[in-house]
Amino acid sequence: MPGLVSVKTPPEAQTLQITVPDENNNQIRSTAEPINPKPVSPAPRRPPSPSPSTSRAKPSPDRSSGKKKSPEKPLIDESALDNPDLGPFLLKLARDTIASGDGPSKALDYALRASKSFERCAVDGEPSLDLAMSLHVVAAIYCSLGRFEEAIPVLERAITVPDVSKGADHALASFSGYMQLGDTHSMLGQLDRSIECYKEGLKIQMEALGDADPRVAETCRYLAEAHVQAMQFDEAENLCKRTLEIHRVHSPPASLEEAADRRLMALIYEAKGDYESALEHLVLASMAMIANGQDSEVAAIDVSIGNIYLSLSRFDEAVFSFQKALTVFKSSKGDNHPSVASVFVRLADLYHKTGKLRESKSYCENALRIYAKPVPGTTTEEIASGMTEISAIYESFNEPEEALKLLQKAMKLFEDKPGQQSTIAGIEARMGVMFYMVGRYEEARSAFENAVSKLRASGERKSAFFGVVLNQMGLACVQLFKIDEAVELFEEAREILEPECGPCHQDTLGVYSNLAATYDAMGRVEDAIEILEYVLKLREEKLGTANPDFDDEKKRLAELLKEVGRSRNKKAKSLENLIDPNSKRTKKEASKKWSAFGRRNT
(Lines give C-alpha, C1' and ligand atoms only; values in the text may rest on other atoms or scores of the structure.)
Protein backbone atom coordinates (compact mmCIF):
# COMPACT_ATOMS: atom_id res chain seq x y z
CA MET A 1 0.00 0.00 0.00
CA PRO A 2 1.52 3.33 -0.97
CA GLY A 3 2.52 5.86 1.60
CA LEU A 4 1.71 3.73 4.60
CA VAL A 5 5.31 2.95 5.48
CA SER A 6 7.59 5.86 6.21
CA VAL A 7 10.83 4.04 5.45
CA LYS A 8 11.16 2.04 2.23
CA THR A 9 11.91 -1.64 2.66
CA PRO A 10 15.36 -2.49 1.29
CA PRO A 11 15.34 -5.23 -1.39
CA GLU A 12 17.59 -7.41 0.77
CA ALA A 13 15.41 -7.11 3.89
CA GLN A 14 14.12 -10.28 5.54
CA THR A 15 10.51 -11.13 4.73
CA LEU A 16 8.13 -10.02 7.46
CA GLN A 17 5.49 -12.23 8.99
CA ILE A 18 2.62 -9.83 9.59
CA THR A 19 2.55 -6.08 9.19
CA VAL A 20 0.73 -4.41 12.05
CA PRO A 21 -0.57 -0.87 12.45
CA ASP A 22 1.98 1.92 12.46
CA GLU A 23 1.20 4.37 15.22
CA ASN A 24 3.21 7.22 13.68
CA ASN A 25 1.76 7.25 10.18
CA ASN A 26 1.15 10.65 8.65
CA GLN A 27 -0.37 9.65 5.33
CA ILE A 28 -3.47 11.83 5.54
CA ARG A 29 -2.86 14.25 8.40
CA SER A 30 -0.82 17.36 7.90
CA THR A 31 -0.45 18.25 11.59
CA ALA A 32 1.65 16.69 14.33
CA GLU A 33 -1.24 15.97 16.69
CA PRO A 34 -1.64 12.36 17.89
CA ILE A 35 -3.72 10.08 15.72
CA ASN A 36 -5.19 6.63 16.04
CA PRO A 37 -2.84 3.91 14.84
CA LYS A 38 -3.62 2.28 11.52
CA PRO A 39 -2.63 -0.96 9.85
CA VAL A 40 -0.33 -1.32 6.91
CA SER A 41 -1.69 -3.53 4.16
CA PRO A 42 -0.47 -7.09 4.56
CA ALA A 43 -1.23 -8.19 1.02
CA PRO A 44 1.17 -6.50 -1.40
CA ARG A 45 1.24 -7.00 -5.14
CA ARG A 46 4.34 -7.69 -7.08
CA PRO A 47 4.51 -4.40 -9.02
CA PRO A 48 4.84 -4.52 -12.79
CA SER A 49 7.08 -1.50 -12.59
CA PRO A 50 10.82 -2.03 -12.27
CA SER A 51 10.76 0.61 -9.57
CA PRO A 52 12.49 -0.57 -6.40
CA SER A 53 10.77 2.07 -4.32
CA THR A 54 7.43 0.30 -4.49
CA SER A 55 8.61 -3.15 -3.53
CA ARG A 56 6.93 -4.48 -0.42
CA ALA A 57 7.48 -7.42 1.83
CA LYS A 58 4.99 -10.25 1.41
CA PRO A 59 3.31 -11.90 4.38
CA SER A 60 4.65 -15.36 5.01
CA PRO A 61 3.07 -18.39 6.65
CA ASP A 62 3.34 -19.10 10.36
CA ARG A 63 6.93 -19.59 11.44
CA SER A 64 6.96 -19.91 15.21
CA SER A 65 10.15 -21.89 15.75
CA GLY A 66 12.93 -20.08 17.55
CA LYS A 67 10.71 -17.17 18.55
CA LYS A 68 9.98 -16.08 22.08
CA LYS A 69 6.56 -17.04 23.32
CA SER A 70 3.74 -14.55 23.48
CA PRO A 71 1.70 -14.04 26.64
CA GLU A 72 -0.57 -16.91 27.55
CA LYS A 73 -4.13 -16.52 26.28
CA PRO A 74 -6.29 -15.14 29.08
CA LEU A 75 -9.58 -16.81 29.86
CA ILE A 76 -12.23 -14.22 29.04
CA ASP A 77 -15.94 -14.63 29.46
CA GLU A 78 -18.04 -13.42 26.52
CA SER A 79 -19.98 -11.13 28.86
CA ALA A 80 -16.72 -9.37 29.73
CA LEU A 81 -16.56 -8.05 26.15
CA ASP A 82 -18.99 -5.33 27.20
CA ASN A 83 -16.19 -3.77 29.24
CA PRO A 84 -14.89 -0.74 27.24
CA ASP A 85 -11.36 -1.31 28.59
CA LEU A 86 -11.17 -4.86 27.24
CA GLY A 87 -11.04 -4.00 23.53
CA PRO A 88 -7.81 -1.95 23.74
CA PHE A 89 -6.29 -4.59 26.04
CA LEU A 90 -7.05 -7.44 23.60
CA LEU A 91 -5.82 -5.42 20.64
CA LYS A 92 -2.56 -4.77 22.45
CA LEU A 93 -2.26 -8.49 23.17
CA ALA A 94 -2.76 -9.19 19.47
CA ARG A 95 -0.04 -6.69 18.50
CA ASP A 96 2.35 -8.05 21.14
CA THR A 97 1.75 -11.61 19.95
CA ILE A 98 2.57 -10.61 16.39
CA ALA A 99 5.66 -8.71 17.49
CA SER A 100 6.87 -11.71 19.50
CA GLY A 101 7.01 -13.80 16.35
CA ASP A 102 4.66 -16.42 17.73
CA GLY A 103 2.11 -18.09 15.50
CA PRO A 104 -0.72 -15.87 14.25
CA SER A 105 -3.52 -18.08 15.58
CA LYS A 106 -3.43 -16.53 19.07
CA ALA A 107 -3.14 -13.05 17.61
CA LEU A 108 -6.17 -13.75 15.42
CA ASP A 109 -8.22 -14.83 18.44
CA TYR A 110 -7.26 -11.69 20.38
CA ALA A 111 -8.01 -9.42 17.41
CA LEU A 112 -11.41 -11.05 16.79
CA ARG A 113 -12.35 -10.64 20.46
CA ALA A 114 -11.16 -7.03 20.38
CA SER A 115 -13.39 -6.36 17.35
CA LYS A 116 -16.38 -7.87 19.15
CA SER A 117 -15.67 -5.74 22.23
CA PHE A 118 -15.37 -2.53 20.21
CA GLU A 119 -18.61 -3.42 18.40
CA ARG A 120 -20.48 -3.95 21.66
CA CYS A 121 -19.10 -0.82 23.29
CA ALA A 122 -20.09 1.52 20.46
CA VAL A 123 -21.16 4.92 21.80
CA ASP A 124 -24.69 5.91 20.72
CA GLY A 125 -24.66 3.00 18.30
CA GLU A 126 -21.76 4.47 16.32
CA PRO A 127 -18.67 2.25 16.16
CA SER A 128 -15.32 3.87 16.90
CA LEU A 129 -12.21 4.00 14.78
CA ASP A 130 -10.72 1.45 17.17
CA LEU A 131 -13.13 -1.05 15.60
CA ALA A 132 -11.85 -0.20 12.12
CA MET A 133 -8.26 -0.64 13.26
CA SER A 134 -8.98 -3.99 14.93
CA LEU A 135 -10.70 -5.20 11.77
CA HIS A 136 -7.64 -4.16 9.75
CA VAL A 137 -5.48 -6.26 12.08
CA VAL A 138 -7.85 -9.24 11.76
CA ALA A 139 -7.66 -8.98 7.96
CA ALA A 140 -3.87 -8.68 8.12
CA ILE A 141 -3.64 -11.92 10.09
CA TYR A 142 -6.02 -13.71 7.72
CA CYS A 143 -3.80 -12.64 4.81
CA SER A 144 -0.66 -13.84 6.58
CA LEU A 145 -2.34 -17.24 6.84
CA GLY A 146 -3.22 -17.19 3.14
CA ARG A 147 -6.93 -16.92 3.95
CA PHE A 148 -7.57 -13.98 1.63
CA GLU A 149 -11.24 -14.83 1.00
CA GLU A 150 -11.96 -14.48 4.72
CA ALA A 151 -10.16 -11.13 4.85
CA ILE A 152 -12.44 -9.60 2.19
CA PRO A 153 -15.70 -9.36 4.25
CA VAL A 154 -13.72 -8.13 7.27
CA LEU A 155 -12.27 -5.26 5.25
CA GLU A 156 -15.62 -4.52 3.62
CA ARG A 157 -17.02 -4.08 7.13
CA ALA A 158 -14.03 -1.96 8.14
CA ILE A 159 -14.52 0.62 5.36
CA THR A 160 -18.10 1.26 6.52
CA VAL A 161 -16.92 2.42 9.96
CA PRO A 162 -15.14 5.74 9.24
CA ASP A 163 -16.96 8.92 8.23
CA VAL A 164 -14.53 11.03 6.19
CA SER A 165 -16.51 14.17 6.95
CA LYS A 166 -15.41 13.89 10.58
CA GLY A 167 -11.77 14.77 10.00
CA ALA A 168 -8.34 13.42 9.21
CA ASP A 169 -8.52 10.41 11.54
CA HIS A 170 -11.57 9.08 9.74
CA ALA A 171 -10.07 9.89 6.34
CA LEU A 172 -6.92 7.98 7.24
CA ALA A 173 -8.88 4.94 8.43
CA SER A 174 -11.02 4.95 5.29
CA PHE A 175 -8.01 5.36 2.98
CA SER A 176 -6.18 2.52 4.75
CA GLY A 177 -9.19 0.24 4.51
CA TYR A 178 -9.72 0.76 0.80
CA MET A 179 -6.05 0.29 -0.03
CA GLN A 180 -5.79 -2.85 2.09
CA LEU A 181 -8.96 -4.21 0.49
CA GLY A 182 -7.51 -3.46 -2.94
CA ASP A 183 -4.32 -5.33 -2.07
CA THR A 184 -6.32 -8.34 -0.89
CA HIS A 185 -8.39 -8.43 -4.10
CA SER A 186 -5.12 -8.22 -6.03
CA MET A 187 -3.73 -11.23 -4.20
CA LEU A 188 -6.81 -13.14 -5.32
CA GLY A 189 -6.22 -12.04 -8.91
CA GLN A 190 -9.32 -9.80 -8.94
CA LEU A 191 -7.64 -6.86 -10.64
CA ASP A 192 -10.82 -5.01 -11.61
CA ARG A 193 -12.07 -4.94 -8.00
CA SER A 194 -8.59 -4.11 -6.78
CA ILE A 195 -8.39 -1.07 -9.06
CA GLU A 196 -11.80 0.17 -7.95
CA CYS A 197 -10.68 0.05 -4.31
CA TYR A 198 -7.44 1.92 -5.10
CA LYS A 199 -9.41 4.57 -6.97
CA GLU A 200 -11.68 5.10 -3.99
CA GLY A 201 -8.67 5.33 -1.69
CA LEU A 202 -7.02 7.87 -3.98
CA LYS A 203 -10.19 9.94 -4.09
CA ILE A 204 -10.36 10.08 -0.28
CA GLN A 205 -6.68 10.96 -0.04
CA MET A 206 -6.98 13.78 -2.60
CA GLU A 207 -9.99 15.24 -0.79
CA ALA A 208 -7.99 15.29 2.45
CA LEU A 209 -4.62 16.47 1.11
CA GLY A 210 -5.27 18.16 -2.22
CA ASP A 211 -4.18 17.12 -5.71
CA ALA A 212 -0.49 18.05 -5.45
CA ASP A 213 0.66 16.38 -2.22
CA PRO A 214 3.65 14.01 -2.56
CA ARG A 215 1.68 11.29 -0.79
CA VAL A 216 -0.95 11.56 -3.52
CA ALA A 217 1.82 11.01 -6.09
CA GLU A 218 2.81 7.79 -4.35
CA THR A 219 -0.75 6.49 -4.49
CA CYS A 220 -1.09 7.55 -8.14
CA ARG A 221 1.98 5.51 -9.04
CA TYR A 222 0.63 2.53 -7.10
CA LEU A 223 -2.66 2.73 -8.99
CA ALA A 224 -0.78 3.15 -12.29
CA GLU A 225 1.07 -0.11 -11.60
CA ALA A 226 -2.26 -1.87 -11.05
CA HIS A 227 -3.50 -0.55 -14.40
CA VAL A 228 -0.34 -1.88 -16.05
CA GLN A 229 -1.03 -5.31 -14.57
CA ALA A 230 -4.54 -5.12 -16.03
CA MET A 231 -3.05 -4.01 -19.39
CA GLN A 232 -4.92 -0.68 -19.16
CA PHE A 233 -2.03 1.40 -20.42
CA ASP A 234 -3.83 4.69 -21.20
CA GLU A 235 -5.09 4.98 -17.64
CA ALA A 236 -1.65 4.06 -16.32
CA GLU A 237 0.01 6.71 -18.49
CA ASN A 238 -2.30 9.49 -17.25
CA LEU A 239 -1.65 8.61 -13.61
CA CYS A 240 2.09 8.36 -14.14
CA LYS A 241 2.15 11.80 -15.78
CA ARG A 242 0.38 13.24 -12.75
CA THR A 243 2.94 11.59 -10.48
CA LEU A 244 5.82 13.10 -12.45
CA GLU A 245 4.26 16.57 -12.27
CA ILE A 246 3.89 16.36 -8.48
CA HIS A 247 7.47 15.15 -8.00
CA ARG A 248 8.83 17.94 -10.20
CA VAL A 249 7.36 20.40 -7.71
CA HIS A 250 8.22 18.66 -4.44
CA SER A 251 11.40 16.69 -5.17
CA PRO A 252 14.87 17.90 -6.18
CA PRO A 253 16.01 17.35 -9.78
CA ALA A 254 17.11 13.79 -10.64
CA SER A 255 15.51 12.38 -7.48
CA LEU A 256 14.96 8.68 -6.85
CA GLU A 257 11.21 9.30 -6.93
CA GLU A 258 11.46 10.81 -10.40
CA ALA A 259 13.61 7.89 -11.56
CA ALA A 260 10.98 5.40 -10.36
CA ASP A 261 8.25 7.36 -12.16
CA ARG A 262 10.24 7.40 -15.40
CA ARG A 263 10.94 3.68 -15.27
CA LEU A 264 7.24 3.00 -14.93
CA MET A 265 6.47 5.45 -17.73
CA ALA A 266 9.01 3.67 -19.94
CA LEU A 267 7.32 0.36 -19.22
CA ILE A 268 3.97 1.84 -20.26
CA TYR A 269 5.34 3.33 -23.48
CA GLU A 270 7.10 0.07 -24.34
CA ALA A 271 3.82 -1.81 -23.91
CA LYS A 272 2.12 0.71 -26.21
CA GLY A 273 4.86 0.35 -28.83
CA ASP A 274 6.22 3.89 -28.42
CA TYR A 275 9.84 2.78 -28.08
CA GLU A 276 11.45 6.18 -28.63
CA SER A 277 9.53 7.74 -25.75
CA ALA A 278 10.32 4.73 -23.57
CA LEU A 279 14.02 5.11 -24.37
CA GLU A 280 13.94 8.80 -23.46
CA HIS A 281 12.47 8.09 -20.02
CA LEU A 282 14.93 5.27 -19.35
CA VAL A 283 17.92 7.46 -20.18
CA LEU A 284 16.66 10.16 -17.80
CA ALA A 285 16.03 7.54 -15.10
CA SER A 286 19.54 6.17 -15.57
CA MET A 287 21.03 9.65 -15.16
CA ALA A 288 19.10 10.11 -11.92
CA MET A 289 20.30 6.74 -10.58
CA ILE A 290 23.91 7.56 -11.50
CA ALA A 291 23.61 10.87 -9.64
CA ASN A 292 22.42 8.97 -6.57
CA GLY A 293 25.13 6.29 -6.78
CA GLN A 294 22.71 3.42 -7.43
CA ASP A 295 24.97 1.22 -9.57
CA SER A 296 22.81 -1.92 -9.45
CA GLU A 297 19.74 0.05 -10.42
CA VAL A 298 21.66 1.64 -13.29
CA ALA A 299 22.49 -1.87 -14.52
CA ALA A 300 18.82 -2.87 -14.30
CA ILE A 301 17.90 0.18 -16.37
CA ASP A 302 20.60 -0.77 -18.88
CA VAL A 303 18.80 -4.09 -19.36
CA SER A 304 15.56 -2.21 -20.05
CA ILE A 305 17.39 0.08 -22.48
CA GLY A 306 18.78 -3.01 -24.22
CA ASN A 307 15.24 -4.35 -24.59
CA ILE A 308 14.15 -1.12 -26.28
CA TYR A 309 17.13 -1.21 -28.67
CA LEU A 310 16.23 -4.83 -29.44
CA SER A 311 12.65 -3.82 -30.26
CA LEU A 312 14.03 -1.08 -32.55
CA SER A 313 16.40 -3.61 -34.24
CA ARG A 314 19.41 -1.57 -33.07
CA PHE A 315 21.26 -4.76 -32.22
CA ASP A 316 24.77 -3.43 -31.65
CA GLU A 317 23.52 -0.89 -29.12
CA ALA A 318 21.41 -3.59 -27.45
CA VAL A 319 24.45 -5.87 -27.08
CA PHE A 320 26.44 -3.02 -25.55
CA SER A 321 23.67 -2.28 -23.00
CA PHE A 322 23.27 -5.93 -22.05
CA GLN A 323 27.01 -6.54 -21.70
CA LYS A 324 27.40 -3.41 -19.60
CA ALA A 325 24.66 -4.60 -17.22
CA LEU A 326 26.14 -8.09 -17.17
CA THR A 327 29.53 -6.78 -16.03
CA VAL A 328 27.96 -4.84 -13.15
CA PHE A 329 25.75 -7.73 -12.02
CA LYS A 330 28.62 -10.23 -12.04
CA SER A 331 30.88 -7.94 -10.02
CA SER A 332 28.24 -6.84 -7.51
CA LYS A 333 26.03 -9.93 -7.16
CA GLY A 334 28.14 -12.89 -8.32
CA ASP A 335 28.23 -15.08 -11.42
CA ASN A 336 25.28 -17.25 -10.34
CA HIS A 337 22.82 -14.52 -9.38
CA PRO A 338 19.39 -14.56 -11.11
CA SER A 339 20.08 -11.03 -12.40
CA VAL A 340 22.98 -12.50 -14.40
CA ALA A 341 20.67 -15.23 -15.72
CA SER A 342 18.10 -12.63 -16.77
CA VAL A 343 20.73 -10.85 -18.90
CA PHE A 344 21.73 -14.21 -20.43
CA VAL A 345 18.09 -14.67 -21.47
CA ARG A 346 17.99 -11.25 -23.12
CA LEU A 347 21.24 -11.96 -24.99
CA ALA A 348 19.84 -15.33 -26.09
CA ASP A 349 16.78 -13.58 -27.51
CA LEU A 350 18.97 -11.01 -29.27
CA TYR A 351 21.27 -13.56 -30.87
CA HIS A 352 18.30 -15.63 -32.00
CA LYS A 353 16.83 -12.60 -33.74
CA THR A 354 20.15 -11.91 -35.47
CA GLY A 355 20.47 -15.50 -36.69
CA LYS A 356 23.28 -16.55 -34.33
CA LEU A 357 21.52 -19.67 -33.14
CA ARG A 358 24.52 -21.36 -31.53
CA GLU A 359 25.25 -18.34 -29.34
CA SER A 360 21.55 -18.02 -28.51
CA LYS A 361 21.27 -21.61 -27.34
CA SER A 362 24.47 -21.30 -25.32
CA TYR A 363 23.10 -18.34 -23.39
CA CYS A 364 19.83 -20.23 -22.77
CA GLU A 365 21.77 -23.15 -21.32
CA ASN A 366 23.87 -20.84 -19.14
CA ALA A 367 20.72 -19.22 -17.75
CA LEU A 368 19.09 -22.60 -17.08
CA ARG A 369 22.18 -23.75 -15.16
CA ILE A 370 21.80 -20.76 -12.84
CA TYR A 371 18.07 -21.40 -12.38
CA ALA A 372 18.75 -25.09 -11.66
CA LYS A 373 20.96 -24.20 -8.67
CA PRO A 374 19.63 -20.87 -7.42
CA VAL A 375 21.64 -18.89 -4.89
CA PRO A 376 20.05 -18.16 -1.49
CA GLY A 377 17.55 -15.33 -1.72
CA THR A 378 16.39 -16.18 -5.25
CA THR A 379 12.59 -16.06 -5.47
CA THR A 380 10.54 -18.67 -7.25
CA GLU A 381 8.99 -15.87 -9.33
CA GLU A 382 12.41 -14.97 -10.75
CA ILE A 383 13.12 -18.57 -11.74
CA ALA A 384 9.65 -19.15 -13.20
CA SER A 385 9.74 -15.90 -15.18
CA GLY A 386 13.15 -16.75 -16.59
CA MET A 387 12.03 -20.23 -17.63
CA THR A 388 8.96 -18.76 -19.30
CA GLU A 389 11.11 -16.42 -21.39
CA ILE A 390 13.52 -19.20 -22.33
CA SER A 391 10.58 -21.36 -23.40
CA ALA A 392 9.59 -18.67 -25.91
CA ILE A 393 13.09 -18.85 -27.42
CA TYR A 394 12.93 -22.65 -27.66
CA GLU A 395 9.56 -22.24 -29.34
CA SER A 396 11.28 -20.04 -31.92
CA PHE A 397 13.89 -22.80 -32.36
CA ASN A 398 10.93 -25.01 -33.38
CA GLU A 399 11.42 -27.15 -30.27
CA PRO A 400 7.89 -27.10 -28.82
CA GLU A 401 8.40 -30.14 -26.60
CA GLU A 402 11.35 -28.50 -24.81
CA ALA A 403 9.37 -25.27 -24.54
CA LEU A 404 6.49 -27.21 -22.99
CA LYS A 405 8.77 -28.77 -20.36
CA LEU A 406 9.99 -25.32 -19.28
CA LEU A 407 6.45 -23.94 -19.12
CA GLN A 408 5.34 -26.89 -17.00
CA LYS A 409 8.25 -26.29 -14.59
CA ALA A 410 7.31 -22.61 -14.38
CA MET A 411 3.70 -23.57 -13.64
CA LYS A 412 4.78 -25.75 -10.71
CA LEU A 413 6.83 -22.90 -9.27
CA PHE A 414 3.87 -20.50 -9.47
CA GLU A 415 1.40 -22.94 -7.90
CA ASP A 416 -0.15 -21.75 -4.63
CA LYS A 417 1.45 -18.32 -5.04
CA PRO A 418 -1.18 -15.68 -4.24
CA GLY A 419 -1.58 -12.82 -6.68
CA GLN A 420 -0.15 -14.78 -9.63
CA GLN A 421 -3.40 -15.84 -11.32
CA SER A 422 -2.89 -13.65 -14.38
CA THR A 423 0.70 -14.83 -14.77
CA ILE A 424 -0.38 -18.47 -14.49
CA ALA A 425 -3.13 -17.82 -17.04
CA GLY A 426 -0.55 -16.44 -19.45
CA ILE A 427 1.62 -19.55 -19.04
CA GLU A 428 -1.38 -21.85 -19.52
CA ALA A 429 -2.34 -20.01 -22.69
CA ARG A 430 1.17 -20.43 -24.06
CA MET A 431 1.07 -24.10 -23.14
CA GLY A 432 -2.16 -24.31 -25.12
CA VAL A 433 -0.40 -22.90 -28.16
CA MET A 434 2.44 -25.42 -27.75
CA PHE A 435 0.01 -28.34 -27.43
CA TYR A 436 -1.83 -27.10 -30.52
CA MET A 437 1.38 -26.92 -32.54
CA VAL A 438 2.26 -30.55 -31.78
CA GLY A 439 -1.28 -31.77 -32.48
CA ARG A 440 -2.32 -32.46 -28.88
CA TYR A 441 -5.65 -30.69 -29.29
CA GLU A 442 -7.46 -32.02 -26.23
CA GLU A 443 -4.63 -30.84 -23.98
CA ALA A 444 -4.56 -27.54 -25.85
CA ARG A 445 -8.26 -26.99 -25.24
CA SER A 446 -7.87 -27.86 -21.55
CA ALA A 447 -4.96 -25.43 -21.14
CA PHE A 448 -6.86 -22.64 -22.90
CA GLU A 449 -9.95 -23.35 -20.78
CA ASN A 450 -7.93 -23.01 -17.56
CA ALA A 451 -6.41 -19.75 -18.82
CA VAL A 452 -9.81 -18.34 -19.82
CA SER A 453 -11.35 -19.09 -16.42
CA LYS A 454 -8.48 -17.35 -14.60
CA LEU A 455 -8.58 -14.33 -16.91
CA ARG A 456 -12.33 -13.99 -16.40
CA ALA A 457 -11.86 -14.05 -12.64
CA SER A 458 -9.00 -11.53 -12.72
CA GLY A 459 -10.98 -8.88 -14.60
CA GLU A 460 -9.17 -9.21 -17.95
CA ARG A 461 -12.24 -10.45 -19.78
CA LYS A 462 -12.33 -7.31 -21.92
CA SER A 463 -8.65 -7.17 -22.88
CA ALA A 464 -7.33 -7.90 -26.37
CA PHE A 465 -5.14 -10.63 -24.88
CA PHE A 466 -8.25 -12.38 -23.60
CA GLY A 467 -9.83 -12.14 -27.05
CA VAL A 468 -6.79 -13.79 -28.64
CA VAL A 469 -6.89 -16.65 -26.10
CA LEU A 470 -10.59 -17.21 -26.84
CA ASN A 471 -9.80 -17.41 -30.56
CA GLN A 472 -7.05 -19.97 -29.97
CA MET A 473 -9.35 -22.05 -27.78
CA GLY A 474 -11.93 -21.93 -30.56
CA LEU A 475 -9.38 -23.32 -33.03
CA ALA A 476 -8.63 -26.20 -30.65
CA CYS A 477 -12.38 -26.92 -30.37
CA VAL A 478 -12.65 -27.01 -34.16
CA GLN A 479 -9.92 -29.64 -34.32
CA LEU A 480 -11.93 -31.67 -31.79
CA PHE A 481 -15.16 -31.15 -33.85
CA LYS A 482 -16.79 -29.24 -30.98
CA ILE A 483 -18.35 -26.76 -33.38
CA ASP A 484 -21.02 -25.24 -31.15
CA GLU A 485 -18.43 -24.43 -28.49
CA ALA A 486 -16.05 -23.03 -31.11
CA VAL A 487 -18.73 -20.68 -32.46
CA GLU A 488 -19.44 -19.29 -28.99
CA LEU A 489 -15.72 -18.68 -28.43
CA PHE A 490 -15.21 -17.00 -31.82
CA GLU A 491 -18.27 -14.78 -31.27
CA GLU A 492 -17.06 -13.69 -27.84
CA ALA A 493 -13.57 -13.04 -29.24
CA ARG A 494 -15.09 -10.85 -31.95
CA GLU A 495 -17.07 -8.84 -29.38
CA ILE A 496 -13.84 -8.14 -27.49
CA LEU A 497 -11.39 -7.55 -30.34
CA GLU A 498 -13.61 -5.23 -32.42
CA PRO A 499 -13.66 -2.42 -29.81
CA GLU A 500 -10.20 -3.17 -28.39
CA CYS A 501 -8.20 -3.56 -31.63
CA GLY A 502 -10.55 -2.33 -34.35
CA PRO A 503 -12.04 -4.30 -37.25
CA CYS A 504 -8.94 -3.91 -39.41
CA HIS A 505 -6.50 -5.45 -36.94
CA GLN A 506 -4.97 -8.76 -38.01
CA ASP A 507 -6.27 -10.59 -34.91
CA THR A 508 -9.81 -9.32 -35.51
CA LEU A 509 -9.67 -10.32 -39.16
CA GLY A 510 -8.48 -13.78 -38.13
CA VAL A 511 -11.51 -14.19 -35.87
CA TYR A 512 -13.83 -13.05 -38.71
CA SER A 513 -12.36 -15.69 -41.00
CA ASN A 514 -12.60 -18.45 -38.38
CA LEU A 515 -16.17 -17.49 -37.53
CA ALA A 516 -17.23 -17.50 -41.19
CA ALA A 517 -15.73 -20.96 -41.70
CA THR A 518 -17.44 -22.32 -38.61
CA TYR A 519 -20.81 -20.84 -39.62
CA ASP A 520 -20.39 -22.57 -42.97
CA ALA A 521 -19.65 -25.89 -41.25
CA MET A 522 -22.87 -25.52 -39.23
CA GLY A 523 -24.91 -24.81 -42.33
CA ARG A 524 -25.35 -21.11 -41.51
CA VAL A 525 -24.26 -20.12 -44.99
CA GLU A 526 -25.97 -16.72 -45.02
CA ASP A 527 -24.12 -15.71 -41.85
CA ALA A 528 -20.84 -16.90 -43.33
CA ILE A 529 -21.48 -14.93 -46.54
CA GLU A 530 -22.29 -11.79 -44.55
CA ILE A 531 -18.99 -11.96 -42.64
CA LEU A 532 -16.87 -12.69 -45.72
CA GLU A 533 -18.47 -9.83 -47.65
CA TYR A 534 -17.68 -7.50 -44.73
CA VAL A 535 -14.07 -8.70 -44.56
CA LEU A 536 -13.53 -8.30 -48.31
CA LYS A 537 -15.01 -4.80 -48.16
CA LEU A 538 -12.59 -3.88 -45.37
CA ARG A 539 -9.63 -5.19 -47.35
CA GLU A 540 -10.65 -3.46 -50.57
CA GLU A 541 -11.42 -0.09 -48.97
CA LYS A 542 -8.85 0.15 -46.18
CA LEU A 543 -6.21 -2.57 -46.28
CA GLY A 544 -5.61 -3.23 -49.97
CA THR A 545 -5.87 -6.48 -51.88
CA ALA A 546 -2.19 -7.48 -51.91
CA ASN A 547 -2.60 -9.70 -48.85
CA PRO A 548 -2.76 -13.39 -49.89
CA ASP A 549 -5.69 -13.89 -47.52
CA PHE A 550 -7.76 -11.66 -49.82
CA ASP A 551 -7.66 -14.19 -52.66
CA ASP A 552 -8.51 -17.07 -50.31
CA GLU A 553 -11.47 -15.22 -48.82
CA LYS A 554 -12.71 -14.09 -52.23
CA LYS A 555 -12.58 -17.68 -53.48
CA ARG A 556 -14.42 -18.96 -50.40
CA LEU A 557 -17.12 -16.34 -50.80
CA ALA A 558 -17.61 -17.22 -54.46
CA GLU A 559 -18.03 -20.89 -53.54
CA LEU A 560 -20.59 -20.06 -50.87
CA LEU A 561 -22.58 -17.83 -53.19
CA LYS A 562 -22.54 -20.53 -55.83
CA GLU A 563 -23.81 -23.08 -53.33
CA VAL A 564 -26.64 -20.82 -52.20
CA GLY A 565 -27.69 -20.30 -55.79
CA ARG A 566 -27.56 -24.01 -56.54
CA SER A 567 -28.88 -25.75 -53.44
CA ARG A 568 -28.95 -25.37 -49.67
CA ASN A 569 -28.22 -29.07 -49.23
CA LYS A 570 -24.50 -28.94 -49.83
CA LYS A 571 -22.06 -31.75 -49.23
CA ALA A 572 -20.35 -31.51 -45.85
CA LYS A 573 -16.79 -30.29 -45.95
CA SER A 574 -13.80 -31.12 -43.81
CA LEU A 575 -13.56 -28.76 -40.88
CA GLU A 576 -9.81 -28.63 -41.29
CA ASN A 577 -10.25 -27.34 -44.84
CA LEU A 578 -12.95 -24.92 -43.78
CA ILE A 579 -10.75 -23.28 -41.15
CA ASP A 580 -7.63 -23.33 -43.27
CA PRO A 581 -6.70 -25.68 -46.12
CA ASN A 582 -3.10 -25.51 -44.86
CA SER A 583 -3.18 -26.81 -41.27
CA LYS A 584 0.55 -26.12 -40.90
CA ARG A 585 -0.11 -22.47 -41.58
CA THR A 586 -2.85 -22.46 -38.95
CA LYS A 587 -0.39 -23.74 -36.36
CA LYS A 588 2.20 -21.14 -37.28
CA GLU A 589 -0.34 -18.34 -37.10
CA ALA A 590 -1.48 -19.57 -33.69
CA SER A 591 2.06 -19.08 -32.46
CA LYS A 592 2.39 -15.77 -34.24
CA LYS A 593 -0.82 -14.39 -32.77
CA TRP A 594 0.30 -15.42 -29.31
CA SER A 595 3.64 -13.64 -29.63
CA ALA A 596 1.87 -10.40 -30.40
CA PHE A 597 0.45 -10.42 -26.89
CA GLY A 598 3.22 -12.31 -25.13
CA ARG A 599 4.36 -11.07 -21.69
CA ARG A 600 7.93 -10.44 -20.85
CA ASN A 601 9.12 -9.41 -17.37
CA THR A 602 11.29 -6.38 -17.42
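Me: What makes Tyr512 count as buried?
Reply: Its relative accessibility is 2%. Buried means under 20% relative accessible area, exposed over 50%, partly exposed in between, with a 1.4 Å probe and protein chains only. So Tyr512 counts as buried. This is a predicted model: local features need pLDDT of at least 70, side-chain atom pairs count only at pLDDT 80 or more, and totals for chains, interfaces and linings use all residues. Residues are numbered from 1 along each chain as its sequence is written, and side-chain values use heavy atoms, without hydrogens and water.

Me: Why is Tyr534 called partly exposed?
Reply: Tyr534 has 35% relative accessibility, so it falls in the partly exposed class.

Me: How many aromatic pairs does a search of the whole structure find?
Reply: The search finds 6. Rings of Phe, Tyr and Trp (its six-membered ring) pair if their centres lie within 6.5 Å; planes under 30 degrees apart count as stacked, over 60 as edge-to-face and the rest as tilted.

Me: Why is the pair of Tyr512 and Tyr534 called edge-to-face?
Reply: The distance is 5.6 Å centre to centre, with 80° between the planes.

Me: How do you know that the charged end of Lys361 sits over the ring of Phe397?
Reply: The charged end lies 5.5 Å from the ring centre. The rule asks for NZ of Lys or CZ of Arg within 6 Å of the ring centre and within 35 degrees of the ring normal.
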